[in-house]
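Thanks for coming, everyone. Let me put the model on the screen, and then we'll walk through it.

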Amino acid sequence: MNIGIRLHDTAPGTLDERLGFAEKQGFTCAHLALSKTVEGFTMAEAPRLLTPELAAQVKASFATHHLQCAVLGCYLNLADPDPEQRRLTQEIYKAHLRFAPMMDALLVGTETYANKNSHFSEPASQSEEALQLFIEGLRPVARYAEEVNAILAIEPVSYHIVSTPERAQRVLEAVPSDHLQIILDAVNLLSLENADRADAVVEDAIRRLGDRVRVLHMKDYVLEPDKVKSIACGTGSMKYDRLLAFGKAHDLPMTLEDTRPENAEAARLHLEKVAAGL
């Protein structure tokens, strides 16, 4: 199994040091958010900063520590209602898509939330207007991914614009491209309304999106009065059998989320133990 970690969840340090921490804890891939791991890197300056020289340095560091970059994160709002801000955001995505193949990242990953710069919030983010605006913002980025032979993967989240497997399926149909894929985070699909049917939610996601899933995000959850709280694998209520069987069958990288340096290795071992029993 190819299990990894978000590098910004490791002990603090330089990018190379964080990769070293991940290697020592037994991980074989990683999720890289440059703005959270490289000093001086800002997303606004990504088109200028994401150079071939930086790509070579990052690629070399990953290789030194025998890690695959499963996800290069670019978590910005493609549904911003301001056309100029949306255009600038698209340029940042394009810079990441150029950068990803140079550093051997498997894909550029993103979510579809409506952030503070958008007029979409709960429940408006669930509207048809929000979904169509997201699709409009996504189309040129997906076309550019084709041009530079990179992969862009969207991650559905229950309280974001692409909130369900069905809405994700609609996006894939509206923007038909082999360069547009899916990151599946099962816990992110859960809400207070459906958490009691978690296994059915996972089954539906795999049925609708399985052939387009390229990476799994792995975490656990507990129910609080007002939300589903995400926590490290093995410390909550999540059942992993169906998800791990799917991941093993398709040889998918799996990156942990919501871990801390002191529990990350235990979370990895928990998944490996469950998988071994399948």
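The second largest pocket has a volume of about 150 Å³. A word on what you are looking at: this is a predicted model, where local features need pLDDT of at least 70, side-chain atom pairs count only at pLDDT 80 or more, and totals for chains, interfaces and linings use all residues. Residues are numbered from 1 along each chain as its sequence is written, and side-chain values use heavy atoms, with hydrogens and water left out.

A pocket here is an open set of points on a 1 Å grid over the protein atoms alone, where a 1.4 Å probe fits, with protein on both sides within 12 Å along at least five of seven lines; lining residues have an atom within 4 Å of a point. Points are joined across faces, edges and corners, and the volume is the space filled by probe spheres set on them.

Which residues line this second pocket? Among them are Gln-126, Ser-158, Glu-166, Arg-197 and Asp-204. Helix α8 gives the largest share, three residues. Both α7 (165–174) and α8 supply at least two. Helices (H or I, at least four residues) and strands (E, at least two) are DSSP runs, numbered from the N terminus. By class, that lining splits into four nonpolar, five polar and three charged residues. Nonpolar means Ala, Val, Leu, Ile, Met, Phe, Trp, Tyr, Cys and Pro; charged means Asp, Glu, Lys and Arg; the others, Gly among them, are polar.

Now the largest pocket. Its volume is about 710 Å³. It has 31 lining residues, and Glu-111, Val-157, Tyr-159, Asn-188 and Lys-219 lie nearest its centre. Strand β9 (227–231) and α2 (34–37) each supply at least two residues of the lining. The largest share, four residues, is from β9. The classes are 12 nonpolar, nine polar and 10 charged.

Next, the sheet. Eight strands form a closed barrel in the order β1-β2-β3-β4-β5-β6-β7-β10, with parallel pairing. Neighbouring strands are turned by 30 degrees against each other on average, direction ignored. Those angles use axes fitted to C-alpha atoms. Two strands pair if DSSP finds at least two bridges between them. For β4 and β5 (residues 152–155), there are four bridges. Glu-111 has Glu-155 in β5 as its bridge partner.

On to charges. Side chains of opposite charge can pair when their charged atoms come close. How many salt bridges does the whole structure hold? The search finds 19. The cut-off is a side-chain nitrogen of Lys or Arg within 4 Å of a carboxyl oxygen of Asp or Glu.

Asp-104 and Lys-59 meet at 3.5 Å, N to O. Asp-104 sits in the loop between α5 (83–102) and β4 (108–111) and Lys-59 in helix α4 (residues 52–64), so this pair ties together parts 45 residues apart in sequence.

Back to Asp-204 from the second pocket. Asp-204 bridges to Arg-207, with the closest N and O atoms 2.7 Å apart. These two are three residues apart in α8, about one helical turn.

Third, Arg-268 pairs with Glu-272 at 3.0 Å, N to O. Both lie in helix α10 (residues 264–276), four residues apart. Is Arg-268 buried or exposed? Arg-268 is buried, at 9% relative accessible area. Glu-272 is partly exposed at 27%. Buried is under 20%, exposed over 50%, partly exposed in between (1.4 Å probe, protein chains only).

Technical notes
Axes are lines fitted to C-alpha atoms, for helices over the stretch in contact, and angles run from 0 to 180 degrees between N-to-C directions.
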